[in-house]
Amino acid sequence: MLDRTSAREMIWKELIKVAKPDSRFHFDFAEFITDFEGSLKACQRLCDLDAYQKAQVVFITPDNCLEDLRAQVIKDGKTLLMTTYGIRRGFLELRREDVPEGQENLAVLLDAIERYGHPVSLRDMQRRYKIDLLVTGGSAINLKGQRFGKGHGFFDLEWAMLYAIGAVNLETLVADIVHDCQVVDIDLDSSPLDTVCDLIITPTRIVYVKNPQKPEHGVVWAKLQPGMMEDISPLAELKDMEAEGLLRTLTPLGEG
């Protein structure tokens, strides 16, 4: 069994051969989820699925490899939900009417989406949205659907917040789009907070994960990394909602 740090380092040696550099972080995979050769083909595989075609509200992480998919969501007239980088300024919503035709690929870029889209609070999402599909990238994923990103736990935290407000549930489909070299047949140390994926989609195949288990815990405050409460603005709102009794009934950690 590998720990996640060792697994990342092993995979990054192969990933750099197909990765596309980031304008700020170059090839520092500890700071961003890279785009890669064939990402458009992987995104097209997802768009061909009934789960995508029937979805009206899609949450997609702000990863470089998902830019084409985010643009396609807008072209298809769906509602896109996304977080800002590091969730620092919370969640954003982007709809077809927000984006002039022909500007879809520009509007979904990390540096542009806040000009086109609108901030959306957890309270607003709770009132207005039931998310049909979640899509993320990652540094790597194993065949059990255990993904691991840069090492900050952002996607697991995003799931926890969305689950706590009832915007997703255990039946909500979670897809991970990665390069083939990022799919590994290894056992990893696991955590009850891991958001296991239902689908792994690469440029060449789709893997359907057997019995994916998703967390029912919401945000476990004691497990937050130092500085997260100060840096991630929705956490304070979530804590207020919890105090007001506005969150779903959650399974205590260790009892799921």
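Which strand do three bridges join to β5, and do the two run parallel or antiparallel? The notes below take up this point and others in what is a predicted model.

1. Strand β5 and its partners. The strand joined to β5 by three bridges is β6 (residues 118–120), and the two run antiparallel. Within this pairing, Phe91 has Val120 of β6 as its bridge partner. Strand β4 (residues 79–83) also pairs with β5, in the antiparallel sense and over four bridges. Here Met82 has Leu92 of β5 as its bridge partner.

2. Side chains of β5. In a regular strand the side chains alternate between the two faces of the sheet. Strand β5 (residues 91–94) shows Phe91 and Glu93 pointing one way and Leu92 and Leu94 the other, and all are buried. For Glu93 the relative accessible area is 6%.

3. The salt bridge of Glu93. Glu93 forms a salt bridge with Arg128, and the closest N and O atoms are 2.8 Å apart. Because Glu93 lies in strand β5 and Arg128 in helix α7 (residues 122–128), the pair ties together parts that are 35 residues apart in sequence. Glu93 is buried, whereas Arg128 counts as partly exposed at 43% relative accessibility.

4. The search of the whole structure finds 16 salt bridges. Arg123 is partly exposed at 25% relative accessibility, and Glu244 is partly exposed with a relative accessible area of 47%.

5. Asp124 and Arg127 meet through their side chains in a salt bridge of 2.3 Å, N to O. The two are three residues apart in helix α7 and are therefore separated by about one helical turn. Asp124 is partly exposed, with a relative accessible area of 23%, while Arg127 counts as exposed at 62% relative accessibility.

6. Strand β8 (residues 140–142) and β11 run parallel and are joined by two bridges. Asn142 has Val184 of β11 as its bridge partner.

7. Helix α1. Helix α1 (residues 4–15) has 12 residues, and its span of 16 Å from first C-alpha to last is close to the 16 Å expected at 1.5 Å a residue. Its buried residues are Arg4, Ala7, Arg8, Ile11, Trp12 and Leu15. Seen down the helix axis, these buried residues fall within an arc of 130°, so they line one face of α1. What covers them includes β1 (19–20) and the strands β8, β9 and β11.

8. Asp63. This residue lies in the loop between β3 (57–60) and α4 (67–75). With a relative accessible area of 8%, Asp63 falls under the 20% limit and is therefore buried. Its side chain makes a polar contact of 2.7 Å with the side chain of Thr61. Leaving aside residues up to four places away in sequence, Asp63 touches Ile33, Arg70, Thr136, Gly137 and Gly138.

9. Most residues other than glycine have a negative phi. Ile87 is a residue other than glycine with a positive phi, near 60°. Its place is in the loop between β4 and β5, and Ile87 is buried with a relative accessible area of 0%. Asn211 is not a glycine either, and its phi is positive at about 50°. Asn211 lies in the loop between β13 (206–208) and α9 (228–231), and at 65% relative accessibility Asn211 counts as exposed.

Methods
Residues numbered from 1 in each chain as written. Predicted model: local features only at pLDDT ≥ 70, side-chain atom pairs only at ≥ 80, totals over all residues. Heavy atoms only, no water. Pairing = 2+ DSSP bridges. Expected span 1.5 Å × (residues − 1). Buried < 20%, exposed > 50% of the residue type's maximum accessible area, 1.4 Å probe, protein only. Arc of directions from axis to C-beta. Contact = heavy atoms within 4.5 Å. Polar contact = N/O pair within 3.5 Å; in protein donor to acceptor, adjacent residues only side chain to side chain. Salt bridge = Lys/Arg side-chain N within 4 Å of Asp/Glu carboxyl O.
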